[in-house]
Amino acid sequence: KTITVQVVHADGSEKTLTLHTDSENLLGALQEQEGMIEGEGDGSMFYITAVDGETASWDADQAFWSMTKDGEWLETGAHDTLIQDGEHYELTYTVSDW
């Protein structure tokens, strides 16, 4: 499968990556790319803390990495998001306003 992942950093800069993967899920595809993501936990309990070298800290400023597909919020975590060839995902540094 080939998917694209757009990373939107805190400063608004963007980076689009094309990933080639045999993984069934988004987490596996992201983890195959060395240095792409960091996180805590494993499997369906994996929480992405850093993308492309930038860390989002909920404790520090209520920041997190939101995951969307074609601009729509994902209702599943990266582990439970099954991917198909040609899809486009976004990982966006987000500060909560809740």
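Of the 24 residues in the largest nonpolar core, V5, L26, L30 and I48 touch the most other members. A nonpolar core is here a set of buried Ala, Val, Leu, Ile, Met, Phe, Trp, Tyr and Cys residues joined through side-chain atoms within 4.5 Å. Buried denotes under 20% relative accessible area, exposed over 50%, and partly exposed the range in between, with a 1.4 Å probe and protein chains only. Two or more residues of this core come from each of β1 (2–8), β2, α1 (26–31), β4 (47–51), β6 and β8. The largest share, 4 residues, is that of α1. These elements are DSSP runs numbered from the N terminus, with helices (H or I) of at least four residues and strands (E) of at least two.

The model is predicted: local features need pLDDT of at least 70 and side-chain atom pairs count only at pLDDT 80 or more, whereas totals for chains, interfaces and linings use all residues. Residues are numbered from 1 along each chain as its sequence is written, and side-chain values use heavy atoms, with hydrogens and water left out.

Leaving aside neighbours within four places in sequence, L30 is in contact with V5, L19, M36, I37, I48 and L91, where contact means heavy atoms within 4.5 Å.

The sheet may be considered next. An open sheet is formed by 5 strands in the order β2-β1-β8-β6-β7, and the pairing is mixed. β2 (14–20) and β7 stand at the edges with a single partner strand each, so one side of each is left without a neighbour in the sheet. Two strands are said to pair if DSSP finds at least two bridges between them.

β1 is mostly covered, as 5 of its 7 residues are buried. With β8, β1 pairs in the parallel sense over 5 bridges, and T4 stands opposite H88 in β8. The antiparallel sense returns between β6 (residues 63–69) and β8, which pair over 7 bridges; here F64 stands opposite T94 in β8.

In a regular strand the side chains alternate between the two faces of the sheet. T68 lies in strand β6 and counts as buried, at 9% relative accessibility. Its side chain is joined to that of E90 by a polar contact of 2.4 Å. A polar contact is a pair of N or O atoms within 3.5 Å; within protein, one must be able to donate a hydrogen and the other to accept it, and residues adjacent in sequence count only if both atoms are side-chain atoms. Beyond four places in sequence, T68 is in contact with W73, L74, H88, Y89 and E90.

Two aspartates have positive phi values. D52, in the loop between β4 and β5 (54–55), has a phi of about 50° although D52 is not a glycine. D52 counts as partly exposed, at 26% relative accessibility. D70, in the loop between β6 and β7, has a phi near 50°, again a positive value in a residue other than glycine. D70 counts as exposed, at 52% relative accessibility.

The largest pocket has a volume of about 200 Å³. A pocket is found on a 1 Å grid over the protein atoms alone, as an open set of points where a 1.4 Å probe fits, with protein on both sides within 12 Å along at least five of seven lines; lining residues have an atom within 4 Å of a point. Grid points are joined across faces, edges and corners, and the volume is the space filled by probe spheres set on the points. The lining consists of F46, Y47, I48, F64, W65, S66, M67, W73, L74, T76, G77 and A78. Two or more lining residues come from each of β4 and β6, and β6 gives the most, with 4 residues.

Among the lining residues is A78, which lies in the loop between β7 (72–73) and β8 (88–95). A78 is buried, with a relative accessible area of 6%. Not counting residues up to four places away in sequence, A78 touches N25, L26, L27, I48 and M67. The C-alpha atoms of A78 and A60, 18 residues apart along the chain, are separated by 23 Å.
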